[in-house]
Amino acid sequence: MIVSIALAGAFLRGLYGVLSRQPGRAATAAALALVLTGCNLTIVVPEGGRVLSLQGVECEAGESCTLEISTLGFFDSFSATANPGYAFSGWRTANMHLCAGGSAACVLDFRNVPSTPQILSLLASTTEFFLAPTFESTGADSNRYPVDQWRQLANSLNASGNRSDSFLYNRLPNEANCDPGELTNAAKNRFMLSVNLIRRLHYLPLVELDSFWDTQMQETSLVQLANNTLTHYPNTGHDCYTSGAAAGAGSSNLSYRSLQSDPAYYPLAWVNDSRNLSALMEAGHRRWVLHPHLAITAYGQTEGYASMKVFGFGQSFSGELTGDIDYIAVPYREYPYLMVERGFYP
């Protein structure tokens with residue numbers, strides 16, 4: 001592909017004219033453009049694919065790969081390959097970018113560029129040139145990272161309206177009477193919004209809320225509140241103990257905050273390593289939120305205590321996963337700062 005780039009400065013324009021008049025010159029315009037802008041080529045690959053070359057360069061999504069070109073004789077051809085769910089939409093158009101706007105392989109050929117003092121001086125410079133593919137999401141993957149929804153979640157997380165009694169409860173929990181209370185649909189939907197935004201980042205099937213387990217999750221949260229503790233093994237000696245609380249505590253992610261919180265907060269905390277410091281390598285809470293075969297869940301909350309049911313449903317998941325999943329990477333590709341930045345939560 002022929003490179004088109006605006007060359008600024010009288011010196012560069014003059015040197016370009018000198019090179020263009022060299023007899024027997026067989027270098028491509030791509031090579032001229034690179035020579036005239038320095039000796040470093042940085043390949044910047046966004047999410048959605050990779051860049052491969054004939055000479056063995058492999059630059060993956062999220063990477064910046066820099067090649068130092070300090071001698072003549074360089075030749076390579078760079079191609080962009082899209083990952084499943086993406087399409088290559090062309091080389092990026094920007095200042096100092098090679099092959100801007102094209103979609104064919106980007107060929108750089110220095111093999112016939114004349115060895116003049118000016119060219120050698122430029123090859124020894126530190127000027128940087130870029131090659132950057134662009135990829136567009138296709139199909140279901142186009143909604144994998146809905147930035148607007150993540151921005152709205154970040155701006156509303158733990159807002160007073162999302163942690164008020166009127167928003168959270170149809171019936172308030174009553175610790176004195178061991179009444180677990182009842183969450184509103186709005187509170188449970190707020191929780192599910194957070195869970196499924198997280199799962200979509202990892203190409204995982206969305207989960208559904210199963211109201212059958214609502215009472216069990218409320219009882220699970222209440223027994224934690226009544227005894228001012230977090231335990232997966234409540235017993236008959238605990239205040240507000242029920243068999244449902246015991247079953248729920250043994251099959252749920254549990255969490256506690258000193259203040260009543262937004263239901264959307266808890267899934268983010270369960271997947272954030274800063275909230276898993278006591279068992280960082282196990283990261284059990286995160287494993288359950290990101291379990292590939294989690295199909296349904298249930299949620300309970302009493303004041304600052306929260307419970308998310310993750311197994312023990314008495315049924316197996318038979319849905320289809322998207323592609324072959326060997327592992328779940330964290331953090332994965334583009335990632336919201338809510339999930340990785342320690343100390344964010346208000």
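Which residues is Gln260 in contact with, leaving aside its neighbours within four places in sequence?

**Entry 1. Gln260**

I note at the outset that the model is predicted. I located Gln260 in the loop between strand S13 and helix H9 (265-271). Beyond its neighbours within four places in sequence, Gln260 is in contact with Arg163, Ser164, Asp165, Leu168, Tyr169, Gln301, Glu303 and Gly304. I then looked up the polar contacts of its side chain. The Gln260 side chain makes one with the side chain of Asp165 at 3.0 Å, and another with the side chain of Tyr169 at 3.2 Å. The relative accessibility of Gln260 is 17%, and the residue therefore counts as buried, the cut-off being under 20%.

**Entry 2. The chain as a whole**

I recorded 10 helices and 15 strands in the protein chain. Of its 346 residues, 47% count as buried. The chain exposes about 16,600 Å², and carbon and sulfur atoms supply 50% of that area. I also looked at how far apart in sequence the contacting residues lie. Among contacts between residues at least 6 apart in sequence, 72% join residues at least 24 apart.

**Entry 3. Confidence**

I checked the pLDDT before reading further detail. The average for the protein chain is 81, and 79% of the residues score at least 70. Among the elements of the chain, helix H1 (residues 10-20) has the lowest mean pLDDT, 31, while strand S11 has the highest, 98. Over residues 1-37 the pLDDT is below 50, and this stretch has 64 contacts in the model beyond near neighbours in sequence.

**Entry 4. Helix H7**

The buried residues of H7 are Asp214, Gln216, Met217, Gln218, Glu219, Thr220, Ser221, Leu222, Val223, Gln224, Leu225 and Ala226. I listed what these buried residues pack against: helices H6 (185-201) and H8 (243-249), together with strands S11 (182-183), S13 (252-256), S14 (296-302) and S15 (305-309). H7 covers residues 214-227, and the distance from its first C-alpha to its last is 20 Å, close to the 20 Å expected at 1.5 Å a residue. Asn228 follows H7 and has a positive phi, near 50 degrees.

**Entry 5. Helix H6**

I turned next to H6, one of the elements against which the buried residues of H7 pack. In H6, 12 of the 17 residues are buried, so this helix too is largely enclosed by the rest of the structure. The buried residues are Ala187, Lys188, Arg190, Phe191, Met192, Ser194, Val195, Asn196, Leu197, Ile198, Arg199 and Leu201. The end C-alpha atoms of H6 are 24 Å apart, which agrees with the 24 Å that its 17 residues should span at 1.5 Å a residue. Just after H6, I found Tyr203 with a positive phi of about 60 degrees.

**Entry 6. The open sheet and Ser53**

I traced an open sheet of 4 strands in the order S3-S2-S5-S7, with antiparallel pairing. Strands S3 (58-59) and S7 (106-109) stand at the edges with a single partner strand each, so one side of each is left without a neighbour in the sheet. Strand S5 (residues 75-82) pairs with S7 over 4 bridges in the antiparallel sense. Within this pairing, Cys106 in S7 is the bridge partner of Phe78.

I looked up Ser53 in strand S2 (residues 49-53). Ser53 touches Asp76, Ser77 and Phe78, not counting residues up to four places away in sequence. Its side chain reaches the backbone nitrogen of Val57 at 3.0 Å. With 12% relative accessibility, Ser53 counts as buried.

**Entry 7. Strands S1 and S4**

Strand S1 (residues 40-44) and S4 run antiparallel and are joined by 5 bridges. Opposite Cys65 in S4, I found Ile43.

Key
Residues are numbered from 1 along each chain as its sequence is written. This is a predicted model: local features need pLDDT of at least 70, side-chain atom pairs count only at pLDDT 80 or more; totals for chains, interfaces and linings use all residues. Side-chain values use heavy atoms; hydrogens and water are left out. Two strands pair if DSSP finds at least two bridges between them. Helices (H or I, at least four residues) and strands (E, at least two) are DSSP runs, numbered from the N terminus. The expected span of a helix is 1.5 Å times one less than its number of residues. Buried means under 20% relative accessible area, exposed over 50%, partly exposed in between (1.4 Å probe, protein chains only). Contact means heavy atoms within 4.5 Å. Accessible areas come from the Shrake-Rupley method with a 1.4 Å probe; for residues, only the protein chains shown count as cover. A polar contact is a pair of N or O atoms within 3.5 Å; within protein, one must be able to donate a hydrogen and the other to accept it, and residues adjacent in sequence count only if both atoms are side-chain atoms. pLDDT is the predictor's confidence in each residue, from 0 to 100.
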